[in-house]
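Reader: Before I use any label in my notes, I want to see the value behind it and the cut-off it is held against. Please go through the terms one by one.

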Amino acid sequence: MGDTRQHGQPEGDGPAREHQDTEDGARGGDGRGNGIGDRVAVARAGTDPLHVPVMLDRIIELLAPALTEPGAVLVDGTLGLGGHSEALLEACPTMRLVGVDRDTTALERSAERLAPYADRTHFVHALYSDIPRALDEAGVSGADAVLLDLGVSSPQLDETDRGFAYAHDAPLDMRMDRTQSLTAAEVVNTYPVGELTRVLRTYGEERFASRVARAIERRRAQGPIDSTRELAELVREAIPAATRRTGGHPAKRAFQGLRIEVNAELSILERTLPAAVSRLGVGGRIAVLSYHSLEDRMTKRALAALATDTTPPDLPVPLPDRQPELRLLTRGAELPTDEENERNPRAQSARLRAAERVRPPRQ
């Protein structure tokens, strides 16, 4: 997806620990004004002002140091409109991009946007869990940097016929990949109440999941629920009046849960993180932008597990083959600045984690 995202509010774990280290790397150059840092302003100025990529400066600071060698490969697993990739292609003029997205419309638009870099780009229609296949299709064995900007993109939110937004009336769709069959309408109208409750509670983190599911069951008995407006109003009525007064739109959690179910987002992310890291070379970096606590916790666990010494605690010395594969580049989850939140409200729930491969994969 690759540009601005919008979700519920995830958890944060504190400030960046290695901000200075990665900033210094991004500023590298030969002293004559042609280092990466000198091109960042140019890259930022070239992005589409209508779709500002989230935490763009920080993403460049984190990933550009791994993309300085001629032919270095960036995999943008959620390409979207290509805003982050455009900036990195500009900042790192010898790197190559493998752009992956499950949304064919996004691939078409980003290919048009990135046409000036056509000799350095390769696009693949795939889930981001298929990063190894995408690299194989591009004819490269590994990646020097991987970017995952999770969630639903601005175009998907803004195009009312996609059915992602409760603010617009549209068919209940919510498919990121419109070639798949499962839609939100099918989930809402065919899932048993117990399954609906699970989806709303687990993926939407909805306190009143059971009440909402039972309300859906009663309404669909009268006829199919087929529009976002009808569903949003139904959810609003099912949630206690006192709760409706705080926390934003009453339907936002239900819509989040349905979208995650339709697109299998968490199960795909669970497969993606180890697959992506496995193709990173030593010195390669991965950055993950997430937008709700479920994604952020999954990312945190996956990166932390590979950044941990797994030598049994009863041994007196660390075992060489149990040493960490990754070095964390962020302490906890980094947050957008207040300035960015004011400029780009959809960045407010973003959480960024990043790591660098420091040794080959454990055997």
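Author: What follows sets values against definitions, term by term. This is a predicted model, in which local features need pLDDT of at least 70 and side-chain atom pairs count only at pLDDT 80 or more, while totals for chains, interfaces and linings use all residues. Residues are numbered from 1 along each chain as its sequence is written, and side-chain values use heavy atoms, with hydrogens and water left out.

Reader: What does the secondary structure of the chain come to?

Author: The chain has 16 helices and seven strands. Helices (H or I, at least four residues) and strands (E, at least two) are DSSP runs, numbered from the N terminus.

Reader: Why is arginine 353 called buried?

Author: Buried means under 20% relative accessible area, exposed over 50%, and partly exposed in between (1.4 Å probe, protein chains only). Arginine 353 has a relative accessible area of 6%, so this residue is buried. Arginine 353 lies in strand β7.

Reader: Why does arginine 253 count as partly exposed?

Author: The relative accessibility of arginine 253 is 35%, and therefore this residue counts as partly exposed. Arginine 253 lies in helix α13. What counts as contact is heavy atoms within 4.5 Å. Leaving aside neighbours within four places in sequence, arginine 253 is in contact with Gly204, Glu205 and Glu206. Its C-alpha atom is separated by 9.2 Å from that of arginine 207, 46 residues away along the chain.

Reader: What share of the chain counts as buried?

Author: Of its 363 residues, 53% count as buried.

Reader: What makes the pair of tyrosine 166 and phenylalanine 255 edge-to-face?

Author: Rings of Phe, Tyr and Trp (its six-membered ring) pair if their centres lie within 6.5 Å; planes under 30 degrees apart count as stacked, over 60 as edge-to-face and the rest as tilted. The ring centres of tyrosine 166 and phenylalanine 255 are 5.6 Å apart and the planes stand at 90°, so the pair is edge-to-face. The structure holds one aromatic pair. Its members are 89 residues apart: tyrosine 166 is in the loop between α7 (154-158) and α8 (184-190), and phenylalanine 255 is in helix α13 (residues 252-263).

Reader: What makes β3 and β6 the edge strands?

Author: The open sheet of seven strands runs β3-β2-β1-β4-β5-β7-β6, with mixed pairing. β3 (121-125) and β6 (326-328) each pair on one side only. For β6 that partner is β7 (residues 351-357), antiparallel to it over three bridges; leucine 328 has alanine 355 as its bridge partner.

Reader: How do you know that both faces of β1 are covered?

Author: Val73 and Val75 on one side, and Leu74 and Asp76 on the other, are all buried. In a regular strand the side chains alternate between the two faces of the sheet.

Reader: Why is α4 called mostly covered?

Author: Eight of the nine residues of α4 are buried, among them Gly83, His84 and Glu86.

Reader: What makes a nonpolar core, and how many residues has the largest?

Author: A nonpolar core is a set of buried Ala, Val, Leu, Ile, Met, Phe, Trp, Tyr and Cys residues joined through side-chain atoms within 4.5 Å. The largest has 63 residues, and Val75, Val98, Val146, Leu231 and Ile286 have the most contacts inside it. Helix α14 (residues 265-278) gives the most to this core, with six residues. Another core, of 32 residues, lies apart from it and includes Leu62 and Met95.

Notes
Two strands pair if DSSP finds at least two bridges between them.
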